[in-house]
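Keep the viewer open and follow along from one heading to the next.

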Amino acid sequence: MALTLLHTADWHLGRRFPAFGREQELRLTRARLEVVGRILDLAESRNVDAVLCAGDLFDSPNPEQEWWDGVLKEFSRRNWQRPVVLLPGNHDPLTPNSLYHPSHRFRSNLPDYVHVVDAKGWQLPLGEDAEVVASPCFSHAGQTDLAASLPHRTEDDSRIRIGLVHGQTFDIEGHQTNFPIAKGTADERGFDYLAIGDTHAFRDVEPDAAAPTVYPGAPEATNFGERDTGNVAVVFFPLDRRRRAHVHKEVVGTWKWREETCTSLSALRALRADPKLRRNVLRLTLDMELPMQEYDEAERILAELAGSMAATPRVGVLEVQRENLRLAPKAPIEFDANLPDVLKETVERLRARAETEPDVTGRALHHLYRLIKDPSSTPQQERPS
């Protein structure tokens, strides 16, 4: 092979996940920094000639120090000669207050092998036989085709040419495109590979074109519903330039965002048995109606999945939609026959309301059931007398 590159994008370091609790949010934000180390480790193990980072490496142009300081530490651990190219994207554009600005401590403390794209048509030779040509984003949004600012190949230039921009490929009729990239750009401008960022799924945009135009996708997913995330692209350029560059998808992500609906207790039991839950962001929807004993088991499984101060959670990050977890209103509830009259009356009143307020009533009946069944599980002041 004449040249090998690692192409990555869309790290979104510093991204917040306010829908989750503080501890769960920290797991997800730190996972984004951990994957940077794995990306650089992969580049070293594959002995690539350069690492191209195609924008949106940070979720904002001036993120909190812990995120850019974490990246500096990852870079400082390596005594490299291979260049790493950082491209400002639309989330982290090159602005006067950006961490990519020469006055920012992040930029000024980067090792010599790390290069920031800070001008249109920016160029970096990779030895004598290849070059990277790039243009950064200068704002969060725009209608400029940044690839159009990249120079064409000249007739006497036989080097491998790699274009690097951030944006959305091809106009869709009726939709506004942010930093649109025209179809056929790689071939029209004489590139052997066009490295792009923005879309979070791995995709060779023009598989039939002579030169690949590729999104590597986000190395860790950022939301439910994203597909084919968790990868980088390792690109091999053959000595015979008439042959198309070979793009290989490499997995670097360790977190999986998944949505599951359980409609039976057996399905919930099977979910609990999944050994990979610790690295899952799980949105769990419950839709089932259970008698008290099974309802109690379902609640215990949910507690096990979520964890507690004393027990490690089985799921890395858990969101439960339990509005349709219902206590079967007419199923027998095995309370002790010798209950005090006041508790018997409470049980009957709750059962009478179960059809109109199944969620609230079910929880109340279950709480009462647990208190009576196992008083030792509840603090003394909360136990029934």
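Seven bridges join strand E15 (residues 256–262) to strand E16 (residues 280–290), and the two run in the parallel sense. This is a predicted model, so please read every value here as computed from it.

Cys262 is buried, because its relative accessibility of 4% falls under 20%.

## Cysteines

How many disulfides does the model hold? The count comes to zero. Cys137 is another cysteine to look at: its relative accessible area is 0%, so it counts as buried.

## Aromatic rings around Trp257

The model has 10 aromatic pairs. In one of them, the ring centres of Phe20 and Trp257 are 6.2 Å apart and the planes meet at 65 degrees, so this pair is edge-to-face. Phe20 sits in the loop between strand E1 (3–8) and H1, while Trp257 belongs to strand E15, so the contact ties together parts that are 237 residues apart in sequence. Are these two residues buried or exposed? Phe20 is buried at 10% relative accessibility, and Trp257 is buried at 11%.

Trp257 also pairs with Phe224, again edge-to-face, with 5.0 Å from centre to centre and 75 degrees between the planes. Phe224 comes from the loop between strand E12 (213–215) and strand E13 (231–237), so its pair with Trp257 in E15 ties together parts that are 33 residues apart in sequence. Phe224 is buried, as is Trp257. Taken together, ring pairs link Phe17, Phe20, Phe224 and Trp257 into a cluster.

## Charges over rings

The charged end of Arg82 sits over the ring of Trp80, 4.5 Å from the ring centre. Lys249 lies over the face of Phe202, and here the distance to the ring centre is 5.5 Å.

Helix H1 covers residues 22–45, which makes 24 residues. From its first C-alpha to its last, H1 reaches 35 Å, close to the 34 Å expected at 1.5 Å a residue.

After H1 comes Asn47, with a positive phi near 50 degrees. Asn47 is placed in the loop between H1 and strand E2 (50–53). With a relative accessible area of 55%, Asn47 is over the 50% cut-off and therefore exposed.

Most residues other than glycine have a negative phi. Which values do Asp198 and Asp228 show? Phi of Asp198 is positive, near 140 degrees, and phi of Asp228 is positive at about 60 degrees.

Both aspartates lie in loops: Asp198 between strand E10 (193–197) and strand E11 (203–204), and Asp228 between E12 and E13. Asp198 counts as buried at 17% relative accessibility, whereas Asp228, at 37%, counts as partly exposed. The loop between E12 and E13 that holds Asp228 is also where Phe224, the partner of Trp257, lies.

Terms used:
Residues are numbered from 1 along each chain as its sequence is written. This is a predicted model: local features need pLDDT of at least 70, side-chain atom pairs count only at pLDDT 80 or more; totals for chains, interfaces and linings use all residues. Side-chain values use heavy atoms; hydrogens and water are left out. Helices (H or I, at least four residues) and strands (E, at least two) are DSSP runs, numbered from the N terminus. The expected span of a helix is 1.5 Å times one less than its number of residues. Buried means under 20% relative accessible area, exposed over 50%, partly exposed in between (1.4 Å probe, protein chains only). A disulfide is a pair of cysteine sulfur atoms within 2.5 Å. Two strands pair if DSSP finds at least two bridges between them. Rings of Phe, Tyr and Trp (its six-membered ring) pair if their centres lie within 6.5 Å; planes under 30 degrees apart count as stacked, over 60 as edge-to-face and the rest as tilted. A charge sits over a ring if NZ of Lys or CZ of Arg is within 6 Å of the ring centre and within 35 degrees of the ring normal.
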